[in-house]
Amino acid sequence: MQATVNGVRIAFAEQGSGTPLVFVHGFPLCRATWSKQVAAFKAQHRVITPDLRGLGESEATPGPVTMQRYAEDVHALLQHLGVGPVVLAGHSMGGYVALAFAKAFPQMLKGLVLVATRAGADTPEAAAGRRATAAQVQAQGSSVVVDAMAPKMLDPANTDRQMREAVRGFMAPSKPEGVISALLGMAERPDARSWLPHIHVPTLVITGAEDAVFPASESEAMAHAIPGARLAILPHAGHLVAYEQADAFNRALAQWLHEI
Ligand code: MLT
């Protein structure tokens, strides 16, 4: 499905009925990363999975796209669908977006799920690295980022070739313009750590023990700072924890949803 919101064509899927559950993907990924959550939760929830602006099948716009802008797109899509408040789950960059959403639209949240993400801003060196990567993508295309990111998505011990190919498939549709916008937007994102104590909805912080992108200590720190947050660190799971260890992830999410 597609909807034009904030002047941009956003692709999304919507399935099932019940408490709305919105899943926001990471970088440079797309909504297909949540296929195993859609399958598991659509029987009891209205599950909405957007492709962020410029990624997956959504339209790209030039220039940096801030986390706030992505959050506004998600909010506008929910308004368009007449949905809310929602349980919002965000993976990695999608987690940055979920935190921006929690700050801007707290009344639209029923619960928050922060998946393999972090609250801090980029260091100046990391931000400079993102801008250099954006220039490389401009010159050579998205494969620069796909080749760098794909090997970091799963537990290094995971030898499942089909799963590794699927991960590259999740990155394939993202347009260079959208990848550049996301890199520049992430480089300028604010430090969200001071917002965490002000999150007053039930929160689940969940990550993979073998995440090669962010150490579990990032999730521990967020869970510690958000009042009443629950922490789950899943074994044998890398950065793309919800896909790689979908059964364990879905069990933890279902249990938490049942309790909130
Ligand atoms: C992601 O998976 O969304 C990215 O690794 C996030 C980032 O690069 O900071």
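These legends describe close-up views of a predicted model. Residues are numbered from 1 along each chain as its sequence is written, and side-chain values use heavy atoms, without hydrogens or water. Local features need pLDDT of at least 70, side-chain atom pairs count only at pLDDT 80 or more, and totals for chains, interfaces and linings use all residues.

**View A. The shell around the ligand.**

View B. A polar backbone atom of Phe27 is 2.7 Å from a ligand oxygen. Ser92 places a polar side-chain atom 2.8 Å from an oxygen atom of the ligand. Met93 has a backbone N or O atom 2.8 Å from a ligand oxygen. On its own the ligand has 270 Å² of accessible area, and the protein covers 95% of it (Shrake-Rupley method, 1.4 Å probe).

**View C. The largest pocket.** The ligand takes up the space of this pocket; to sit there, more than half of its atoms must lie within 2 Å of the grid points. A pocket is an open set of points on a 1 Å grid over the protein atoms alone, where a 1.4 Å probe fits, with protein on both sides within 12 Å along at least five of seven lines. The volume is about 440 Å³, the space filled by probe spheres set on the points. Of 23 lining residues, Arg130, Met149, Lys152, Met186 and Val213 are the closest to the centre; lining means an atom within 4 Å of a point. The lining divides into 14 nonpolar, four polar and five charged residues. H5 gives the most, with four. Helices (H or I, at least four residues) and strands (E, at least two) are DSSP runs, numbered from the N terminus.

**View D. Backbone exceptions in loops.** Most residues other than glycine have a negative phi, and most peptide bonds are trans. Phe27 and Pro28 are joined by a cis peptide bond, omega about -10°. Pro28 is in the loop between S3 (19–24) and H1 (35–41). Another cis bond joins Gly84 and Pro85, omega about 0°.

Terms used. A polar contact is a pair of N or O atoms within 3.5 Å; within protein, one must be able to donate a hydrogen and the other to accept it, and residues adjacent in sequence count only if both atoms are side-chain atoms. Ala, Val, Leu, Ile, Met, Phe, Trp, Tyr, Cys and Pro count as nonpolar, Asp, Glu, Lys and Arg as charged, and the others, Gly among them, as polar.
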